[in-house]
Amino acid sequence: MSVLREYAASVVEHGSAQDPAYDEIVDAEGTLRPAWRRLLAEAGDLSTERLAGVRAEIERLLADEGAVYTPPGEEPRAWRLDPLPLVLSGREWSTLEKGLAQRAELLEAILGDLYGPRHLLAEQIVPAAAVLGHEGYVRALARPSLGDPGPLVVTGVDLGRGPTGEWQVLADRTQAPSGIGFAMENRRVLSRVLPAVHRAVDLHRLAPFFGSLRTAFARAAPPGIDDPRIVLLSPGAGSETAYDQAFIAAALGLPLVEGGDLTVRDGRVFVRVLGRLEQVDVIVRRVDAAWTDPLELRGDSRLGVAGLTEAVRRGTVTVVNSLGAGVLENPALLPFMSAICERLLDEPLRLSGVPTVWAGTPEGREEILDRRDELVVRTIDPPFEIDVDDRRALESAIAERPHRYVGQERAPRSVLPVLTDAGLRPHEITLRAFTIRQGSSHRPMIGGLATATEPGAPFRLGVSKDVWVLKESPDDPDQGIDDQPTTLGPGVPAPQVPRVLDDLFWLGRHAERTEAMVRLTIVTHALAEDFQDRRWTPGGRALDVLSSTLRALSPWDGDPADHEGDLRSVLLDARRVGSVAHGVARLQELAQSLRDQLSPDMFRVFGAIDRARGALATTPHAWQIGESAGRILTDLLALYGVAANMVRDEGWHLMEAGRAVERGLQVCHLVGPAMTVQRGHEVDREVLGAVLQAAESAVTHRRRHRGVVRATTVAELLLLDEANPRSLRHALTTLDDRLAALAGSSGSTRPERLVDDLLDELARVEAPALLAIDGDERPNFARFARATVDQLMRVADAVAEVHVAVGPAPRSLGFSGSGS
Amino acid sequence: MRYRVRHRTTYTYDAPVANSYGLAYVIPRPLPFQRVDSAEVRIVPEPSDLRRDDDHFGNVVTYFQVTAPHTELVVESESVVDVRAPVLDPEALATPWEAARPLQRPDLPDSWRAVDLALPSTLVDQTEQAREYAARSLQPGRPIGEAVTELMHRIHADFDYRKGATTVTSRIDEVFSVRAGVCQDFAHLTLACLRSHGLAARYVSGYLATSPPPGKERVVGADATHAWAAVWLPDGSWLAVDPTNDQWLNNRYVTVAWGRDYKDVPPVKGIIFTEARGSTLAVSVDVAPVV
């Protein structure tokens, strides 16, 4: 019998594992729920093995897309998706949908009231302390001059199901709701790995929703602007949901910008594009409001735009969602939601919230203390659960600032299995649903993002699930939208703001640096395999030279004799500065924030690298080091293909300039230590041979010099030979060309002057003089290698300054006088 | 009394500033006891953008942006105001202080507005020390006017006025530990004492006209910005007290702006973009009587 039927049968027989929780698959009478009947008809014969295969396929696809999630304070980890979706029938969805639409409308009405007439406070429908004590209430917006606090274009709401199957609101997400990109990605992946099932069950597709999302952002523009410029303001590639942001930016064709890319002039917001300023009409923000304006909000923020609040108040730009929207996430509003709904919308509240008690009244305080064993006690912002074991401590914390605490009943959650290594296991489901503003109403996304957690496990360890809402009739239009928008995607290439140019320059540098390190790793590994037990041989001495070159570039604090451990860590340890793993992590981060600029092929490269590293991590054999390094090299070489297919614009020239700078640097790092010292004929031959391999020039050298390796021939080939693409001279002429093509270049800018000096210097160099011996050393060569490295570093700094600078960081005007 | 107030703030940088955004709270607000006859702000270099607005608390705030490269920024205001001593209802002052806690008075239609000023704010921690210190003045049933006045006397007596003892971001427990501070610290301290007992109290910034010593000429520019505190009374009025000078607000005080604490109403604050490493600040205030 198949795995799903088996699970259903066992639930019927033994009851749900989490009785009396609502089971998503089987009802209390032991009958399959209608939505699942349809799914089982299609997927019922899936075996555990087949399902495990699907899961592996999902992992591979997600890795190829570079889908990652970064839990706060942790390293990015792969986005996780379970093969089994949460399936809901059209009928049960339609009830939920009305509740969601009402809630979004209600939240927007609350926003309008709290930043406008404040009837809710004046009429004491909501206690003033519950609102005014919340950090999300932005007083800089709450001014008489503000017309409209701005729209709630996107809302997210977290829901759980009680034992009767009724959805309850756990939390409202209005500040900058994340997850729509992940939901879309989940669907894209699942529809590829379960194509037949996906086709057969008639579910609502998500694509039309995305079309509506772009329209919703555009309609949020200030009045009178027909073709608004919209940007997505991100806190940066290291943020928790960077992938989600980049996905939306790429899918909707919105430039992904950071605070430094924007500036305010005359109360309007502009984006810097290649030295020009272009006005921005809509900012879709993924930065929390407090961090968006160092002038009026948090002064220590580096993520914001000075003057943004003023621009918003003047109505020259719309920030989505409103800068004031954070106040709606306040759990202290939940107990009053029903009364608020009656007051503002004049209708009963459809979706109830999880029962919540506010500590701001003596009765509320008393109730929370009495029921502290059954309630979850939270501060209202951030809404973190606090420890309630110590009654005295809880009592005094609440007594000090009672208005900042709530007690909530444990969130009800339904049960649905997740495929684990031990087969299907029941998990608890949280559903994040989304709405977008359409005209004056709010339309829910028919679908969502579900998170499944093991009972009792923290939310961040959960695995995501796609949400399938089945159509009541096969003729229902997807998302209930008849006029399907035409294809999505960037019509015009996203502008190259300074942040993008900087990222591309570094992408080029890290690609080259990482490739050089992989080559060095391969050569060092080959020497180690042959000579690590014969240290006294010429090969053993060469191993020492190469190994110390590698460790100079990427310091290693392990046992110096442990070459295998060293090289393993170079490939695997992302925290080791200068390592291959470190370089790959940087590349991935850059690619993430450049998602809208790069071909998806880029992410396939990382997927393949991850697999090569995975193979090494699980294999104890030393040969796997060479094997995995070789595969990583092949994958990195694919980046040339990605670059070859890019449009030759400012960004491309900068990326290639970055690569050229780094190629020059790397060749110096390699030949410097190898050739500065003369170690005897035998040893030098081994060292130079290894250097030629690491510089990918061994074949050329052999062809020209029939296997006779001398310092002069190596220096000529690696430093002076214009025709060798791996040589210093070639790197410099390439750099010269790339720089000349940049918009800001004149032929005499500082980076160009520095490169010209280097080329002049190189033209004067003659190999014999350069390699003149003094004792065991080559002092001219040592000086040359050092000076070239220094000069190239200056070039890199100058390029950054002249071509990608966003100017200095914002600083405070200085403290003003404190008076008498 | 009628005064002409000149308030000049000058920032000097050791390298050019390319772009500067600022907010200034330097224009007195009109009040029942304060008529503002004229008020102007002048910024040098000429700002590319300048806008006056009323903020959340009804204060006049000036937003400006200077895009001309500069090594010196001057924000100067000049206003003419006519001030009387505030008149308060003796009955309101006689209210037991417990009845002036806005959170306990939902029966009063406007008490919710005062709630904002009864909650803790960034620079005003409601510490246990402040609560205990204030408890000696806030005896049960005591009239609020009397209790707050006594608290003011005690702060004036117990804390030394000393420049440099604290900084603009000093917190309440620092002020308690050094037992000294400037007007801003005394104002914050008063707020912490009153709020920790549930009273609503606001931070007020402004100017105080000083008299020259007998027989001496008035020295122009020797005055300073000043700050004090005001406590909410159940009739919606506010009793303003100056613990630095141990007196109630009178016709020598010019009120500029109020908020939860200093951070809501600094005279000038801003964000600059520059490579400069250092800046110096000079403030001069002159409150001159006019007829």
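Within strand 20 of chain A, Ala450(A) has Lys465(A) as its bridge partner. The pairing involved is that of strand 19 (residues 449-453) of chain A with strand 20 of chain A, which is antiparallel and comprises 4 bridges. Strands are DSSP runs of E of at least two residues and helices are runs of H or I of at least four residues, both numbered from the N terminus; two strands pair if DSSP finds at least two bridges between them. The model is predicted, so that local features need pLDDT of at least 70 and side-chain atom pairs count only at pLDDT 80 or more, whereas totals for chains, interfaces and linings use all residues. Residues are numbered from 1 along each chain as its sequence is written, and chains are lettered from A and ligands numbered from 1 in the order in which they are written.

Strand 20 of chain A also pairs with strand 3 (residues 86-88) of chain A, in this case in parallel and through 3 bridges. In that pairing Leu86(A) lies opposite Val467(A) of strand 20. Strand 20 (residues 463-469) is mostly covered, with 6 of its 7 residues buried. A residue is buried if 20 or more other C-beta atoms, placed from the backbone, lie within 10 Å of its own, exposed if 12 or fewer do, and partly exposed in between.

Another part of chain A holds an open sheet of 3 strands in the order 8-9-10, with antiparallel pairing. Strand 8 (262-265) and strand 10 (276-279) of chain A are at the edges with a single partner strand each, so one side of each has no neighbour in the sheet. From one strand to the next the twist averages 45°, where axes are lines fitted to C-alpha atoms and angles run from 0 to 180 degrees between N-to-C directions. Strand 8 of chain A is joined to strand 9 (residues 268-273) of chain A by 4 bridges in the antiparallel sense. Across this pairing, Arg265(A) faces Arg268(A) of strand 9.

Chain A as a whole contains 28 helices and 21 strands. Its radius of gyration is 31 Å, close to the 28 Å given by the globule rule for 820 residues, so chain A is as compact as a globular protein of that length. The radius is taken over C-alpha atoms, and the rule is 2.2 Å times the number of residues to the power 0.38. Along the principal axes, the C-alpha atoms of chain A fill a box of roughly 90 × 75 × 60 Å. Of the 820 residues in chain A, 52% are buried. Arg786(A) lies in helix 28 (residues 779-803) of chain A and counts as partly exposed because it has 13 C-beta neighbours inside 10 Å. The C-alpha atom of Arg786(A) is 59 Å from that of Val157(A), a residue 629 positions away along the chain.

Chain B has 6 helices and 14 strands. With a radius of gyration of 20 Å, close to the 19 Å that the globule rule gives for 291 residues, chain B is as compact as a globular protein of that length. The C-alpha trace of chain B spans about 60 × 45 × 45 Å along its principal axes, and 49% of its 291 residues count as buried.

Chain B is divided into domain 1 (2-83 + 266-289) and domain 2 (90-262), with bounds from an automatic or database domain assignment. The centres of the two domains, taken over C-alpha atoms, are 25 Å apart. Their contact takes 22 residues from domain 1 and 17 residues from domain 2 of chain B, two residues being in contact if their C-beta atoms, placed from the backbone, lie within 7 Å. On the domain 1 side, strand 1, strand 5 (70-83) and strand 14 of chain B each supply at least two residues. That side comprises 16 nonpolar, 4 polar and 2 charged residues. Ala, Val, Leu, Ile, Met, Phe, Trp, Tyr, Cys and Pro count as nonpolar, Asp, Glu, Lys and Arg as charged, and the others, Gly among them, as polar.

The contact between the chains takes 43 residues from chain B and 35 residues from chain A. Elements of chain B that each supply at least two residues to it include strand 1 (2-27), helix 6 (183-195) and strand 14 (279-289). Strand 13 of chain B gives the most to this side, with 7 residues. The chain B side divides into 23 nonpolar, 13 polar and 7 charged residues. Strand 13 of chain B also runs antiparallel to strand 21 (residues 810-812) of chain A, the two being joined by 3 bridges. In this pairing between the chains, Phe273(B) is the bridge partner of Pro810(A).
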